[in-house]
Amino acid sequence: MNIKKLGAIAVALATFGVGMPVAQAEDTLFIPSLTYRTGPFAGGGIPFADGFADYFNMLNERDGGIGGAKVVVEECETAYNTQKGVECYEATKGKGALVYNPLSTGITLALIPKAPVDEIPVFSMGYGLSAAAIGEKFPWTFVYPTTYWNQLSSILKYIDANGGVKDKKIGFIYLDVGYGKEPLPLLENLSESMGFEVAKYPVGVKEMQNQSAQWLNVRKDRPDWMIMWGWGAMNPTAVKEAAKIRYPLDRFIGNWWAGSHNDLNSVGKSGKGYLAANFSGIGQEYPAVQDIITHVVDKGNSKVASKDDVGNVLYNRGMYNAVVLAEAIMVAQAKTGTKSITGADMRYGLENINLDDARLKELGLEGFTGALKGSCADHEGAGSVFLQQWTGDDWEKVSDLIEPMNDVVRPLLEEAADKYVSDKPDFKGQACG
Amino acid sequence: MLYREAGQFKTTYADDQALLPIAQDRIGLLLILIVAFVAMPMFASEFFLSSIMIPFLVFSLAAIGLNILMGFAGQLSLGTGAFMGVGAYSCYKMTTIFPDLNILIVLLLSGLFSAAIGVVFGLPSLRIKGLYLAITTLAAQFFLEWCFIRIEWLYNYNDSGAIEVPQRMLFGLAITGPHATPITRYLVILSVVAVMTLVAANVLRGRIGRSWMMIRDMDIAAELMGIRPLFSKLSAFAFSSYYCGVAGALMVFFWLGSAEVESFDINHSFLILFMVIIGGMGSLTGCFMGAAFIWVLPVILRAIPTAFELDILAATMEHISSIVIGVLIIFFLIVEPHGLARLWRVGKEKLRTWPFPYAN
């Protein structure tokens, strides 16, 4: 009775599943790219995925790969859905994947425990679990160039430098999921030590496009500054609402996921003055980006809709993600002396990465971002962010790199990491020097 | 042809009342079980087990849960995702509070919490019916989702707001956590689903199941014949939510490994609703067919370009698979509005009377 037909299909598929091609050609570097070109957040996912793929394609075209080994980027579509992300992981890990960029907090959390078992590092660039910055506790996870917590401390430093933060009221509007709530412990901690007051405005996922209630409260509370941890449709809505209640937009700062061209293009002129944090340069002027245009975009090998999209905030961030990986691969190749490396070598490469200003210049990315240096204990690089301002039709860098408050944040990160591993006795850490 | 029953005589009442009265069905089921328990773990690849079979079984169980409520007791529910969440969160809470308690016991206990919540949200069903009831279960969905975000105790005050599965052992073998191999996880899920399906099949053809079906077909008539609607409806809610809860706990503990509230959102309620409708309301076979159709088919479609090394963008394939699935849903619902299970049943009847199509 029951699943007879299904059984037959299943058996047929089982054989098909076994026969899936696993072998890769000699000397290639296989990097799966979990994308979300579909689904509710596709607007942000597409430029990121384009920048990521184009940089590796450029290396293949210009230099013949990395250290003589071609890079194979295989995209797997997650639609920002954790279950599909895990499926993508299972589908690609057997092909010799070097590293995973989960591109979603949910998928990152699902992959963190798997990474040490399968020996494939997870590189969640500026998202995911902040506590993963502690290399002793999370040997296989990297959050370069910095964490959400560090970013928040940099933003507060900016506020402090622009009129002081003491005795001010700071409004925090955030997406009411794990991602948005993550900085809350730090915010509360700093509000005591720095002496400011916090007003919180959660925005539910379903109310992303209807924030009138929150902004009504903002109008009532009159915070001196607003900080936003938003994503997707929440960002343009918030900026529009802020403009509507005449909140001074140059006192409204978004985090680095709340400050892309996709977010503000639909707001346009009325969003003029809005600030956002960022860690990757804007525009096409960098020689590396020019190389992408020459070697990939002009040859029609890129998926970008138009050439103008190259160099926008999220495109460049996707590219930066690829830059860090390419650099880590080189470090790993130098250590092993072989062209094709394993996930464990990749982990070494990521841990010993050193993207200083000289190296960035060599790569054609002078001034693109701050220097990045990893170590066994430090998996975040404690990088700096800068602030950019929306001019009405484009982003403009308005501040220098702002260092995070490492002295405050680091102990909190260590505490969080301890908490994460406390109920997982089987979670393997590493001893650092 | 295959189903010729000639020579199968039933000499006792027990034979006549057997779960599978036809010998071919028994052999077929046995073959399926042998394939599932022996052949699959031996021959299937890791990807096949962890990305196709495990989710398929989890969703089948959830679909059975919803089908009990919708297909057998006639109470429309849109809260399946949230009831799965209750199971998952209570399983997580219990196993972190009592780490030494066997995870399988915890798993089965966690369904009880889900059942209790299901009963509470089932109370309005005593007064309202149909679409109106669907709205109240929708309220359950939103309320419980809110709880999963707001009540930090539920996820042990994790900064990430997610529940993360700790490692648990059975007979010295890791069955949850990152060290559990797909084969062990698959076998655990398969055993749980097989046993629970058997229980459901027996409950449904027994007194309780029949009272649910009477309520479904006409509740006033059922009441006049001595069926207590209070007990029947609430027991249906409890039973259904228990299944959904265990499915949710299985989903997090044996498949995903960690879960945020998004894993239990309204989309999952709809997904399982579609499985039940496509598979066939009021049929356990249909639950498996529906789960295979809605979950497994897209996975296979997505795997086609890599398997044949076609140069199609993953995102394009995603769109194509949505289109194909959508068209197939419409096609099957036009061909057979009662679902895939009905198609199978019709086919089986034809086979039983072959070559005399006019026999009944």
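The contact between the two chains of this predicted model takes 45 residues from chain A and 49 residues from chain B, two residues being in contact if their C-beta atoms, placed from the backbone, lie within 7 Å. On the side of chain A that touches chain B, the elements giving two or more residues are α1 (4–18), β2 (70–77), α3 (82–92), α4 (105–111), α5 (114–118) and α7 (178–181) of chain A; here helices (H or I, at least four residues) and strands (E, at least two) are DSSP runs, numbered from the N terminus. The largest share of this side, 9 residues, is contributed by α1(A). By composition, the side of chain A that touches chain B divides into 21 nonpolar, 10 polar and 14 charged residues, where Ala, Val, Leu, Ile, Met, Phe, Trp, Tyr, Cys and Pro count as nonpolar, Asp, Glu, Lys and Arg as charged, and the others, Gly among them, as polar.

For the complex the predictor gives an ipTM of 0.83 and a pTM of 0.86. Chain B averages a pLDDT (the predictor's confidence in each residue, from 0 to 100) of 89, and 99% of the residues score at least 70. As the model is predicted, local features need pLDDT of at least 70 and side-chain atom pairs count only at pLDDT 80 or more, whereas totals for chains, interfaces and linings use all residues. Residues are numbered from 1 along each chain as its sequence is written, and chains are lettered from A and ligands numbered from 1 in the order in which they are written.

Chain A is divided into domain 1 (26–146 + 283–382) and domain 2 (148–278 + 387–407), with bounds that come from an automatic or database domain assignment. The centres of these two domains of chain A, taken over C-alpha atoms, are separated by 27 Å, and 15 residues of domain 1 are in contact with 19 residues of domain 2. On the domain 1 side, α2 (42–63) and α13 (313–336) of chain A are the elements that give two or more residues, and α2(A) provides the largest share, 3 residues. The residues of this side divide into 6 nonpolar, 8 polar and 1 charged.

In chain A, 7 strands form an open sheet of mixed pairing in the order β6-β5-β7-β8-β9-β12-β13, two strands being paired if DSSP finds at least two bridges between them. Because β6 (197–203) and β13 (395–397) of chain A stand at the edges, each with a single partner strand, one side of each is left without a neighbour in the sheet. Strand β5 (residues 169–175) of chain A pairs with β6(A) in the parallel sense over 7 bridges, and within β6(A) the residue opposite G171(A) is A199(A). Further along the sheet, strand β8 (residues 252–254) of chain A runs parallel to β9(A), to which 2 bridges join it, while β9(A) and strand β12 (residues 386–390) of chain A run antiparallel and are joined by 4 bridges. The bridge partner of A277(A) in β12(A) is L387(A).

S153(A), located in helix α6 (residues 148–161) of chain A, is buried, with 27 other C-beta atoms within 10 Å; a residue is buried if 20 or more other C-beta atoms, placed from the backbone, lie within 10 Å of its own, exposed if 12 or fewer, and partly exposed in between. Leaving aside residues up to four places away in sequence, S153(A) touches L190(A), P404(A), M405(A), V408(A) and V409(A).
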